[in-house]
Amino acid sequence: MSKKLRIGIGGIWHESNSFCIRDVTAEDFTRHGRTAFGGDILEHSERRDEVAGFAEVLRQHRHIEIVPLISAETWIAGHLSSDAVGFLEGSLRRGLREAGKLDGICFAPHGAMAGAAIADVDGHLINVFREELGPGVPVILTLDCHAVLTRQMLDLSTAVVAYRTHPHVDVVETGVRAANILLDTLAGKLRPVTAMVKIPLLLPPPDDGTKSGALKELFDKFIAWDRIDNVIAASLCPSYPWQNVPEQGWAAVVVTNHDVALADRLARELAQACWEARFRLLPEPMVTPHEAVRQAALAKGFPILITDSADTVGSGAPGDNTVLLAALLEMCHEVNGLALAHLPDPEAVSRLKSHRVGDTVTLRVGGKRDTRYCSPLTVTGEILCITEGPITNDGKFIAEPMAETGSIVCLSIQNVRLVLTEREIMGPQPSVFRKVGIEPFEAKVVTLKTGIGFKVTYGHVAKAVIRADCPGVVSYNLRNYDFNRVPRPMFPIDDNAHWELPAR
Ligand SMILES: [Zn+2]
């Protein structure tokens, strides 16, 4: 009987937003429900990620022994603190040492982790594989297409494959692709070589992701290359833009079977196509918060959405920014009908709970979690409702069917209905308004803290979507940030940014 091949698998999921106020700690990873070590990582039977894809393929082969290493995850937040990097590095190293001899690795580093001290944390962790396993063991990586791809990640790995959809619906499939590349490499059928061309583009994800428009055309272009002989994996990484790091920018990356010239030619062709499409990739226009309210008041029909992408909770923002609410309260007399807003604010909720429905109260709301971008707003309103969460998770923004909110209070301030919750909520959930007896689809104006999530829960009913240019950590107006570590010029944050393919 021939000896089994031992394959290490695992992944680490996090995107680091350089503008978030709080660094990510080791505890953020350890208290997350999906962080696990060794055999426990395969215990999550509901896993639908790259690790599930790795296991799905590898389990079919009797000569393979799966060696689960680490699965760590935390919500999008700021840079990784040194202690978080130390925790991940130590856990990975320990896992590898306990695993003993390994013949190959399938790993999902996601590709968008930046540290307070180390810019490329993913590359830093992949180096642990090399330090522990040596240079010869194949390491196949899966990446989010929002990876900020670095030279180090490519140099230390054997091949990379990235998601090909946004929203990401091919995550398991990406794991399957990686595992098949590893098996073929171990069998001597493939000798992967990689070419990458970085493109100086820095853009928020378009509303329709890869479903339509210029980004879809670019993805269709390289996905069609699967049919070319010797192409193993072509990918486009349009980057995670809210990261101020030296290797920021899009990446066209092509892995071929020992054909450097082909990999290079296709990566250059894709990079050139991205650059030529740049004006079609620009985000939807935004207007000032006051202008947004004015336009919403004049728009026909209902509901009219006003979105504040800069304060999107799932993207690392606090969700309690008051700039849009302040504009709404100043101008609500122009709105013919109800205008809705939500803020997470445990202090305000606790104060309001000591009152009764019908009381009129003056208090400061919001603006407490990140005072760099706004301040608390003093409002006077009548308490319409005091209730308790959870609410239904309408948009599947989290894994559970219900979203914890803590206590919920609804204030009536002229024609504005302000819902305050004890906890922040992932995604724009219509249920937060329904919970207090308001049907948001029948309101004239609904203000939402969302980038593209509104498409899921409000997209089918919204009569218009107006984007407010508010300050915050996830602004779609990237000119709002000081990208002092990013290579310049960069389109579109620099005027007349110019670029040509690098010389061969
Ligand atoms: Zn992503």
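Axes are taken here as lines fitted to C-alpha atoms, for helices over the stretch in contact, with angles running from 0 to 180 degrees between N-to-C directions. In these terms, helix α2 (residues 50–58) packs against helix α6 (residues 171–186) in the predicted model at an angle of about 45 degrees, the two axes lying 7 Å apart.

By residue class, the contact of α2 with α6 divides into 10 nonpolar, 4 polar and 3 charged residues. Helix α6 also contains Leu183. With 23 other C-beta atoms within 10 Å, against a threshold of 20 or more, Leu183 is classed as buried. Between Leu183 and Val57, which are 126 residues apart along the chain, the C-alpha separation is 9.2 Å.

Strand pairing was examined next. Strands of a sheet pair through backbone hydrogen bonds, in either a parallel or an antiparallel sense. An open sheet is formed by 6 strands in the order β2-β3-β1-β4-β5-β6, with mixed pairing. The partner of β2 is strand β3 (residues 64–73), the two being joined in the antiparallel sense over 2 bridges. Within this pairing, Phe37 stands opposite Ile70 of β3.

Helix α3 (residues 82–99) packs on the sheet, where it touches β1 (5–13), β2 and β3, and its direction makes about 165 degrees with that of β3. Helix α4 (residues 121–133) lies across β1, β4 (104–110) and β5 (139–143). The direction of α4 is at about 165 degrees to β4.

A further antiparallel pairing links strand β8 (residues 231–237) to strand β9 (residues 250–257) through 6 bridges. In this pairing, Ala233 has Val255 of β9 as its bridge partner. Of the 7 residues of β8, 6 are buried, so the strand is largely enclosed by the rest of the structure.

How values were computed
Residues are numbered from 1 along each chain as its sequence is written. This is a predicted model: local features need pLDDT of at least 70, side-chain atom pairs count only at pLDDT 80 or more; totals for chains, interfaces and linings use all residues. Two strands pair if DSSP finds at least two bridges between them. Helices (H or I, at least four residues) and strands (E, at least two) are DSSP runs, numbered from the N terminus. Two residues are in contact if their C-beta atoms, placed from the backbone, lie within 7 Å. A residue is buried if 20 or more other C-beta atoms lie within 10 Å of its own, exposed if 12 or fewer, and partly exposed in between; C-beta atoms are placed from the backbone. Ala, Val, Leu, Ile, Met, Phe, Trp, Tyr, Cys and Pro count as nonpolar, Asp, Glu, Lys and Arg as charged, and the others, Gly among them, as polar.
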